[in-house]
Amino acid sequence: MNIRAIPYLYKSKVICIFVSKPDEPETHRLIKELLLTDKIVCVPRVVGQNLNLYRIRLFNQLEIGSFGVLEPENDLPVVEPTDVEVFLVPGKKFDRRGNRKGRGKGYYDRLLAYVPGVKIGVAFEKNIVDSIDPQPHDIPMDYVVTETHVYSY
């Protein structure tokens with residue numbers, strides 16, 4: 001994936017990144033790389049109907065959580081969404097205007113409503129479509145990165 005081509009990733013101190021599932025672009029290696037830097041790396045965890053953000057310092061601080069996804073242990077330090085400078089976001093589909101379709105539960109849209117930082121969708125090129133009809137609560141991305149392109153909006 002071309003995430004390394006976006007300078008915000010290196011200029012930012014607080015980065016939130018999702019832990020990829022098998023059907024998503026792999027993020028485990030990037031998480032491990034970021035953990036070797038002086039950045040604050042946080043990962044979302046499902047808590048009720050919301051995603052809370054927790055700082056991890058080691059990859060093994062992740063455990064199987066909701067929906068079979070690796071999530072941070074719940075006794076780690078909480079990171080406020082307003083402190084996140086770069087947020088990497090999964091999605092089933094993204095369009096050429098930065099709109100995102102998730103898995104339908106609204107977890108990321110509720111969280112991203114409070115995130116002032118740069119929002120970067122991460123997808124496979126085959127999941128980029130011409131147009132998605134966004135809902136009023138959908139939060140658009142600033143960038144979408146795939147294995148072959150970086151789209152900026």
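Guide: On a 1 Å grid over the protein atoms alone, a pocket is an open set of points where a 1.4 Å probe fits, with protein on both sides within 12 Å along at least five of seven lines; lining residues have an atom within 4 Å of a point. Points are joined across faces, edges and corners, and a volume is the space filled by probe spheres set on them. This is a predicted model, in which local features need pLDDT of at least 70 and side-chain atom pairs pLDDT 80 or more, while totals for chains, interfaces and linings use all residues. Residues are numbered from 1 along each chain as its sequence is written, and side-chain values use heavy atoms, without hydrogens and water.

Visitor: What is the volume of the largest pocket?

Guide: It is about 750 Å³. The lining has 34 residues, and Glu 24, Pro 90, Arg 100, Arg 103 and Tyr 108 are the closest to the pocket's centre.

Visitor: Which element gives the most to that lining?

Guide: Helices (H or I, at least four residues) and strands (E, at least two) are DSSP runs, numbered from the N terminus. Strand E2 gives the most, four residues. Strands E2 (40–47), E5 (70–72) and E9 (100–101) and helix H3 (107–112) each give two or more.

Visitor: What about the second largest pocket?

Guide: Its volume is about 160 Å³. Strand E3 (50–56), strand E6 (78–79) and H3 each supply at least two lining residues, with the largest share, four, from E3. Among the lining residues are Asn 50, Val 78 and Tyr 114.
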